[in-house]
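Open the model in your viewer and keep the selection tool ready. We will go stop by stop.

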Amino acid sequence: MKLDFLAWGLLVCLVACQGNDQTEISFNRDIRPIFNTKCLRCHGGVKANGNFSLLFEEDAFKATESGNPAIIRGSHRKSELYQRLVSDDPELRMPYENEPLSATEIDLIARWIDQGAHWEKHWAYIPPAAEITVPPTGKEMPFLKNEIDYFIL
């Protein structure tokens, strides 16, 4: 009886956890590192093979050499970027003449596209969100000239 209950519990957990990961994909955390290490050597900056660059958002979503954008927000299956990542044809598969992306990397890109392919500013251009409160000292001290002095104290 206990074993049956445990088996059903495990089955419910497995079904609930499988394939429905709706975790928000972050471009900066999850996608940009893949593009930087695997794609930008051919699709970034001055070199934009196929008239496709992943360096800036406006370039990534504009029409490529084929006349269509490579990324169709909301549909990885309609996105040529995804089709090229999973292609069996060595002439079409990206990255060209290099190791293919891992299944995890391809899944992240597919989910990012399905979630709308939101492009985030580079982290260096995003101001910190949390406001820092100056710690109280309990009394005024003459050598405390500015807010950093309170933190050092």
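Where does Asp89 lie? Select Asp89: you will find it in the loop between α4 (80-86) and α5 (103-114). Helices are DSSP runs of H or I with at least four residues, strands are runs of E with at least two, and both are numbered from the N terminus.

A word on the model first. It is predicted, so local features need pLDDT of at least 70 and side-chain atom pairs count only at pLDDT 80 or more, while totals for chains, interfaces and linings use all residues. Residues are numbered from 1 along each chain as its sequence is written, and side-chain values use heavy atoms, leaving out hydrogens and water.

**The whole chain.** Zoom out. The protein has 6 helices and 2 strands. Along the sequence they follow the pattern α-α-β-β-α-α-α-α. Of the 153 residues, 31% count as buried. Buried means under 20% relative accessible area, exposed over 50%, and partly exposed in between (1.4 Å probe, protein chains only).

Return to Asp89. Asp89 counts as partly exposed because its relative accessibility is 33%. Patch residues have over 30% relative accessible area and no salt bridge; like charges are joined within 9 Å, nonpolar side chains (Val, Leu, Ile, Met, Phe, Trp, Tyr) within 5 Å. A salt bridge is a side-chain nitrogen of Lys or Arg within 4 Å of a carboxyl oxygen of Asp or Glu.

**The rings.** The structure holds 6 aromatic pairs. Rings of Phe, Tyr and Trp (its six-membered ring) pair if their centres lie within 6.5 Å; planes under 30 degrees apart are stacked, over 60 edge-to-face, the rest tilted. Select Phe35 and Trp112. This pair is edge-to-face, at 5.9 Å centre to centre with 80° between the planes. Phe35 is in helix α2 (residues 27-39) and Trp112 in helix α5, 77 residues apart. Phe35 is buried, at 1% relative accessible area. Trp112 is buried at 1% too.

Next, select Phe61 and Trp119. They are also edge-to-face: 6.0 Å centre to centre, 75° between the planes. Phe61 lies in the loop between α3 (57-60) and α4, and Trp119 in the loop between α5 and α6 (147-152), so the pair ties together parts 58 residues apart in sequence.

**The nonpolar patch.** Last stop: select Ile148, in helix α6. With Ile148 they make a nonpolar surface patch of about 460 Å².

Conventions
Areas by Shrake-Rupley, 256 points an atom, 1.4 Å probe, with all protein chains shown as cover.
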